[in-house]
Amino acid sequence: MNFEKTKSNPRAIFLMGPTASGKTGAAVELYSKLPVEIISVDSALVYRDMDIGTAKPDAKTLAKAPHHLIDIIDPTSAYSAANFRSDALRLMADITARGKIPLLVGGTMLYFKALQGGLSGLPEANQEVRARLDARAALIGWPAMHEKLALIDASTAARLEPNDAQRIQRALEVFEITGESMTQLYAKQTSEALPYKLLKLALVPSDRKVLHERIALRFDQMLTAGFLDEVKALKEKYPTLTADSTSMRCVGYRQALEHLAGEYDAAELRDRGIFATRQLAKRQLTWLRGMDDIIELDCLNPQLNESVFNEINQFISD
RNA sequence: GGCGCGAUAGCAAAGCGGUUAUGCCGCGGCCUGCAAAGCCGUUUAGACCAGUUCGACUCUGGUUCGCGCCU
């Protein structure tokens with residue numbers, strides 16, 4: 001019965017991978033050969049005017065293979081996993097209605113997880129509440145905030161580290177807004193499963209060293225392509241942008257800002273940018289290792305060979 | 001050539017005669033509205049040779065190398 005229901009679900013394809021694994025190239029190839037529409041699953045590509053540092057597909061590529069959810073907000077705005085999920089669900093329904101298959105491509109693994117697994121009915125972020133919590137934490141420190149959390153939600157506190165400012169803040173925020181603990185809210189609402197049958201592909205490097213080389217090469221290319229000018233232009237166009245803005249927490253941008261502020265020289269900018277990108281790739285790979293039903297493809301051998309296409313075609317026509 | 005100083009992990013950098021320096025990097029992991037974020041864990045030392053000592057990265061002598069000063 002469950003099987004019947006699954007069978008009748010429309011199809012969707014995930015194409016995941018760490019940064020610099022060649023996702024865009026693979027997506028364009030799939031787009032040219034299959035009845036798909038591409039949805040970007042990337043927390044950085046949503047920002048307008050952030051092109052070089054995010055390795056956004058260029059205009060020519062986007063003209064040839066359009067991506068949804070690229071350039072949808074200003075760098076002064078914030079986006080979230082919940083925003084993504086509702087945007088993606090809407091687009092997937094549209095695409096399916098057009099008789100196409102959604103191809104979700106990107107490296108923001110939390111977004112993939114939220115899309116597939118759903119989110120509980122929690123309140124959205126509230127800047128005033130967060131500012132208040134930040135102020136309090138500045139006084140007493142996050143470990144003390146963690147102790148406060150333990151009083152209202154022992155179970156959540158137990159699974160959070162005393163220094164995990166971000167999650168402690170969110171748990172306290174949720175309680176302050178709703179009067180209920182995160183634990184209670186999780187239990188209350190079971191998130192609905194994604195009503196699509198999925199084929200999950202992952203581009204994974206067979207040799208981490210080679211991925212690191214690619215990352216270094218790409219960061220150097222960004223610098224010569226005028227990455228620092230892009231960041232300067234960003235500051236001029238959006239004067240309210242600060243190092244705390246969500247968009248400026250992206251790999252490379254934060255370091256560029258620090259360098260432009262004179263905190264360190266160009267050589268160190270290069271090092272730090274590359275380190276941050278490697279660490280991002282590592283976290284992405286950790287996510288991937290823990291995901292189920294993944295078909296791994298070696299991103300160092302990027303040919304989408306016949307057997308992969310056979311698999312996809314079979315999945316589509318099943 | 002003489003004098004002085006130094007030699008600690010992939011890099012930077014301390015203390016210490018006997019229990020983990022630390023930071024960065026690297027590696028593993030966690031992950032419910034900031035996720036390209038945030039957090040947790042962790043591998044790799046004491047230039048070389050000899051001596052003192054129950055015990056030396058730590059004290060002594062020598063060798064090599066580097067830095068500075070002098071002739």
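A polar contact is a pair of N or O atoms within 3.5 Å; within protein, one atom must be able to donate a hydrogen and the other to accept it, and residues adjacent in sequence count only if both atoms are from side chains. Hi everyone, this is a predicted model, where local features need pLDDT of at least 70, side-chain atom pairs count only at pLDDT 80 or more, and totals for chains, interfaces and linings use all residues. Residues are numbered from 1 along each chain as written, chains are lettered from A and ligands numbered from 1 in written order, and side-chain values use heavy atoms, leaving out hydrogens and water.

Let's start with those contacts. A backbone N or O atom of Thr54 sits 3.1 Å from a base nitrogen of RNA strand B. For Arg278, a polar side-chain atom lies 3.1 Å from a phosphate oxygen of RNA strand B. Thr286 places a side-chain N or O atom 3.4 Å from a phosphate oxygen of RNA strand B.

Now, the wider surface. "Near" means that a residue has a heavy atom within 4 Å of the strand. Among the elements giving two or more residues to the surface near RNA strand B are helix H5 (109-117) and helix H14 (266-289); helices here are DSSP runs (H or I, at least four residues), numbered from the N terminus. Which helix gives the most? That would be H14, with nine residues.

Of the 44 residues around RNA strand B, Ser43, Thr108, Arg167, Arg283 and Arg289 come nearest.
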